[in-house]
Structures are given as C-alpha cells and as structure tokens.
Amino acid sequence: MSSAGTGTTNIADGSATVGIQAETVHGDVHVYQVPPGASPEERFEVGLRCLSGGMSGKAREHIGEAVMDGYVTSRSCFYMLLALLSGRTLQQVPKEDLAPLVIAQQKLTGNVEDEWTHAIKVINRLLASLHERDVDFSAIEERLSELKDDRRTEIVRHLEMFLRGSIRDAMWVRALDAAKRDRCDRGRLERVWKFFQPEPIGPRVRLPRPPDTTIGSWMSSMTTTAITLAAIGHIAVHAWRHSWPAATLALALVTAGSYACGREGVEWRFRAERLRAKDSERQAVRKPPPEGFASRIDRQFAEYFARYVPRNTDRGEWLAQTAGVRQALRDEVVELYRESRVDAKRVAWLVRYLVSDVKDRWQRGELWEYRDRLKVPASMKARFALGVVALGIGVPWLIWGGLNIAPLSVVGAAIIALAAGGLAARGWSHIVLERKRYAADQEEADRLLKDRQAAFMRWRRKLSDKPDDREMARWLDCDRKALTEEAMQHYKLKPHDVIAHAFIEAPSTPYKRAHVPKGPWRYSRYEILVFLLTADGVRQMTVDLDFEKATFHNRRRINYRYDAVAAVQASEADDGHRTFELTLVNGHPITVQVTGPPPKSEVDAEDDARTVSQATLDTAGLGNTLHVLEGVAAEGKEWINLEREREQDRLADIMLTMHGDVG
C-alpha cells in the first residue's frame, strides 16, 4: 500500500497470488447454453438471459443470430439494441454489429406500436440528443417516465453512459433508489452463500459383505453333524442296555448342555468379535496422501472436528478422544466416494453431518454405546457355564454306561464323536456367526442410509432457494451503483460532472467462486475499481466488496491528471487468465488480477475454461475500461474532445441504420 495523490491504492507485484477457498461449477443449471437444434426464438431467449446476467458480448452474439435467422419482433429489436450498446461506448460498436439491426428495421417498418417500439423510439431520441447542442432533456425524461418500470430500468442499466445533462441527474437518482431498494432484496444476505455451494452428491453406505458360507461348508457341517449323531447314538444304545434311566438322564444333560453352549457360546463369540472389530476400525490411523481426494476429505474432517466442539468440552480432549472415530469416518467416506470425477466439496454436507452426529452422541454420552450394547451380560456367561457343566457330567456318564456293554466300540465311537463334533461345532458356528454378522451389518447399513438420506434431504431443502446467476448479476450491479454513489459523494461530484466512468471487478483474497455452465465466475469477495473521468482528471476509488454481506471494506482512493497516465495494458495468459495494469508517469503501477487462476483439475473438464474466462471478463467491465483508459493514455486530456468527435461519426452510422422516428 502506498500513497499517491490524495489517497492510496493497491499495488500487486509480479509475485502476487490470488487465494481460493473453494470453487464450484453448477452442472445442473443451463441458463446460458443453447440446446442442440435450437430455434431462433430459443437462441434469442438464451441471449436475453446473457444480457440479464451482464454478458453483453454473448447477448449480442445470440440475439444477433436469432434476428439474422428470422426471429424479428419489436421485442427482439429492443433487446438487440440494448445488447449492441450495453457496456461499451459508441466507438466500440463495429459496423458489422449493425447488420442485424438493418434487417430488424426493415421488417419492423409499419408495424403497430407497442411498448417495445415505444421503448426503441426513446432510445433513438436518447442517442439523437448526443449530437444536439440545445436538448430538451425534460422531454426525453418524460418519455422515459412513460415507459414501464422494467423497460426504463433496463434502458438506464445498459445505456447509462449515454445519458447526458439533467436527464443523467434525474435517471441516476432513480437508478440509485432502485439499487438501494434491490441491493439486499429477495433475501440476498440469507441466500448468496448458497450460490457457492456445489450440488451435493447423494448418500452412500458400505454394502454389507455377504456371508462367507459356501456349499462346501454347509455339506461339511452336515456331514460331520451326521457322523457325530451316529457315534453318539451308538454310545447311547449300549448305555441304554446297561441302564436306561441313567442313559436317559445323561442324554438329557448332553442335549441341554449342547444347546446352552451352542446358543450362548455363539452369541458370546459374536459380541466379542464385533466389539473387537469396531474398536479396531476406530484405532487404525493412516496418513492420507499429500494430494488428491483423500487429502481433501481429510482436511474437511479436521476442519469440522475442530469447529464442532461439544459444549463444556476441552478442544484438545475432544480431538484426542475422537481421533480414531475421525479416521474411521474419513476412511469410509474416501472408500465410498473416491471416484475420478467426484468433487470433494460435493461430499462436504456428509462430512458435516457425520461430525455433527459424533458431537451429538458425545454430548448424550452415546459415542461408545456399542461397547455397552455388545458387552456380554453375566446371565449369558452363567448359562454358558451351566451348559459346560451339563456336558461335563452328561458325556462321561453316557460313555461310562456304554463301556460296561461294549468297551472297544464305545471308545472308538467316543473318539469319532469328539472329533466330528468339534468339526461340526466349528462349521456351524462359522455359518451362524456369518449370518448374524451379515444381518447386523445390513441393519446398521439400513439405519445409516436412512439417517444420511434424511440429512441429505435437509441440505437439499436448505439449498432449494439458491439464487440464480441473474440474481447474482443484479445484486452486483446494485453494488456498483452504490460504490459509484459513494465515490461521487466523496469527490462532491454530480452525475453530469462525470464525463465517463468505468469499472473493473476482480476477485479479492480469500474468496469462493462458482459459475453456471458458460457463465462467468461469481466471487464471494471482489476488488472493485471505479474510474470517474471528469474535466479535471481521473478520480479512482478501489474497495473490497464482501458480496455475501453486501459491505465495502478497505477503501483506497487516488486522483491523477490525464497527462499522468503513462500506459495501460492487459496481459492474457494461455489459460485465459487476465491481468490489468495502469502505470502513471511517476512509475506507480496499479495492477489487478481480473480473473482468478484457471479451474482445478477436479472441475468438470468439459466446461471450456477459456469460454468461462471470456464471460467473466465480459461482466468485469475490462473491455470498456481499457477503451477509455487507453484513449486517455494516448491522448491525455484531448481524449475528451476527440472522443466526442469520434462519437458523432459513429452515431451518424447508427442513426442512419436505424432511421426510425427520433422525434
């Protein structure tokens, strides 16, 4: 920051950089795209939306093509005239741009007057007044006042640099009143931030791993079970022959013990393994790669865990105690959404929900509830122990009874029963455990998906009133007018004291940015330069605009004479990145990065970065500013008179082309 003249201005050297917090491409919006096979009327409507969005260059292209293809109405002629003159001086209107106007004028001759033809005549009269010495501005103002509010607002917005004398003062008051009224209308302060939010991607959960049970495991379990039952049956027959009451009691103990051990033992093991698995997944900490999707998701989790700290909890303790949970959730999100074309910002809603859910469960004391839920109760252990006791009594008792009748065969059967029974128990426990694990995983996945779907729908509803690009353009235009008014008040200027004015809009660090396909980048923070050219020289004011809050900050002002401008240039990189630089004779540079850096690789590759950059430049006002300041740099104060002479020559061409009623 350095002083110059009566104020200060920003200086950015060659190493200056522009920081980005986030960038978004709204792939679900197509307001500026011409559909394949579009009719002339459809192309005109796209051009009309471009004009409303501040892209007069694209508007001229689409509206002109529609008129050339036969879509000629008084309405299309009116908007073509606005697009032709919007954002540039008469000197910047090339003769080739007048061709659609010639066609339109020829086809409209003799048409019945309507609001559009009346508005065209007002523009004709306004242009004609530019080369008249004695102009009755009150008559023109009266004609403007007769127009509908929308038509009058459009004329003032797009042709404000052609207003002269008292009509400029009157129209400026109206325009400023409208800007003050509309600057924060339609809930701007509550909605603007939503424009920079990407379209969220839908919820996902891990699919449960299918049960690891094959036909072979089923056949093996059934075979070993059959062998076990056969061996036990052989022992029971001989024990029955020895003493049927004792055999009956022993078989009852073996059956009850087997059931208790099998039922309670499987559940015990299931709980223990599931508890161990859940603890394990929350303890693994793996460092993400330095770049890429996983790293961006990791940063999101780190940011939101640091932000969403439970009440009455120390931040350090919170982060330390939830490190494993954070890592487990991060790994899950990376696994579910790690695709080459998935933008990490589209998953941010899920990260916020997951972190918020962890916070809520922490505050309710339920973060580790699975440990209580999976804890093996004493009653289950007791039932298992009773089963073991029953088996410990029943099996030897049954074998002892059989040994008294056929010792050799009973010993062999006992060995077979123990071996086959162990294999059968292992096989059936694996099958049952896998089925229980799958059922629990499926239940958990269904619950998680339901909760995440609800969170997703809440976020979608919150974004449902996201402003469209034309609303963003309208609010930005209101900000420009508010800044111009502030600059004029500071320099004690009336509208008629300003010979010409120009703007440059550039992103201000740090910022978020977003755009619709084929539309310009819109920024959450702008650096806006307004140049007011007066008879005494240039008055320049630079401010930082917080677009989300509609507030100006860091005002810098500088005044300089026309002969103090040494050079004006705009450099363009291969990627379309533009830089504006104005140098004063004392060597003082005023440098502005007009567009931010090119899109990151994660942004849709089909969206042409150069097209978006050109649309951004169109709305940033660089073309008109360069035309004005380059003329000042080349001609000094004489630029005022010379520009007026050139304006008269070009005006004659336009009026000859239009040859409508200007009276």
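Strand E12 (589-593) is mostly covered, with four of its five residues buried. Buried here means under 20% relative accessible area, against over 50% for exposed and in between for partly exposed (1.4 Å probe, protein chains only). Strands (E, at least two residues) and helices (H or I, at least four) are DSSP runs, numbered from the N terminus. The model is predicted, so local features need pLDDT of at least 70 and side-chain atom pairs count only at pLDDT 80 or more, while totals for chains, interfaces and linings use all residues. Residues are numbered from 1 along each chain as its sequence is written, and side-chain values use heavy atoms, with hydrogens and water left out.

E12 belongs to an open sheet of three strands, in the order E10-E11-E12, with antiparallel pairing. Two strands pair if DSSP finds at least two bridges between them. E12 and strand E10 (565-572) are the edge strands, and each pairs on one side only. From one strand to the next, the twist averages 10 degrees. E10 pairs with strand E11 (residues 578-584) over seven bridges, in the antiparallel sense. Within this sheet, Ala-567 stands opposite Thr-583 in E11. E11 is joined to E12 by five bridges, again antiparallel. Phe-580 stands opposite Val-592 in E12. The hairpin of E11 and E12 has four residues between the strands. In this hairpin, Gly-587 takes a positive phi near 85 degrees.

Helix H21 (residues 622-635) lies across E10 and E11. H21 runs at about 150 degrees to E10. Axes are lines fitted to C-alpha atoms, for helices over the stretch in contact, and angles run from 0 to 180 degrees between N-to-C directions. Contact means heavy atoms within 4.5 Å.

Beyond E12, Thr-595 is placed in the loop between E12 and helix H20 (609-620). Thr-595 counts as buried because its relative accessibility is 3%. Thr-595 and Ser-613 are 18 residues apart in sequence. Their C-alpha atoms are 7.0 Å apart in space.

Ala-500, Ala-502, Ile-504 and Ala-506 point one way from E4. His-501, Phe-503, Glu-505 and Pro-507 point the other way, and all are buried. E4 pairs with strand E7 (residues 525-534) over eight bridges, in the antiparallel sense. Ile-504 stands opposite Leu-529 in E7.

Helix packing was examined next. Two packed helices are described by the angle between their axes and the distance between the axes. Helix H11 (residues 244-281) and helix H18 (residues 407-463) pack at about 50 degrees, with axes 10 Å apart. This angle makes H11 oblique to H18. Angles under 35 degrees count as roughly parallel, over 145 as roughly antiparallel, 65 to 115 as roughly perpendicular and the rest as oblique. H11 passes H18 in a right-handed crossing. A crossing is right-handed if the near helix is turned clockwise from the far one by less than a right angle, and left-handed if anticlockwise. On H11 the contact is made by Val-266, Glu-267, Arg-269, Phe-270, Glu-273, Arg-274 and Lys-278. The H18 side includes Ser-429, Val-432, Lys-436, Arg-437 and Glu-444. The contact residues divide into five nonpolar, one polar and nine charged. Ala, Val, Leu, Ile, Met, Phe, Trp, Tyr, Cys and Pro count as nonpolar, Asp, Glu, Lys and Arg as charged, and the others, Gly among them, as polar.

The axes of helix H12 (residues 293-307) and helix H15 (residues 348-363) come within 10 Å and cross at roughly 40 degrees. H12 is therefore oblique to H15. Their crossing is right-handed. H12 contributes Gln-300, Phe-301, Tyr-304 and Phe-305 to the contact. H15 contributes residues including Val-351, Arg-352, Leu-354 and Val-358. The residues of this contact divide into eight nonpolar, one polar and one charged.

Ser-221 lies in helix H10 (residues 215-242). Ser-221 is buried, with a relative accessible area of 2%. Leaving aside neighbours within four places in sequence, Ser-221 is in contact with Ala-424, Gly-427, Trp-428 and Ile-431.

Over the whole chain, there are 22 helices and 12 strands. Buried residues make up 49% of the 663 residues. Among contacts between residues at least 6 apart in sequence, 76% join residues at least 24 apart.
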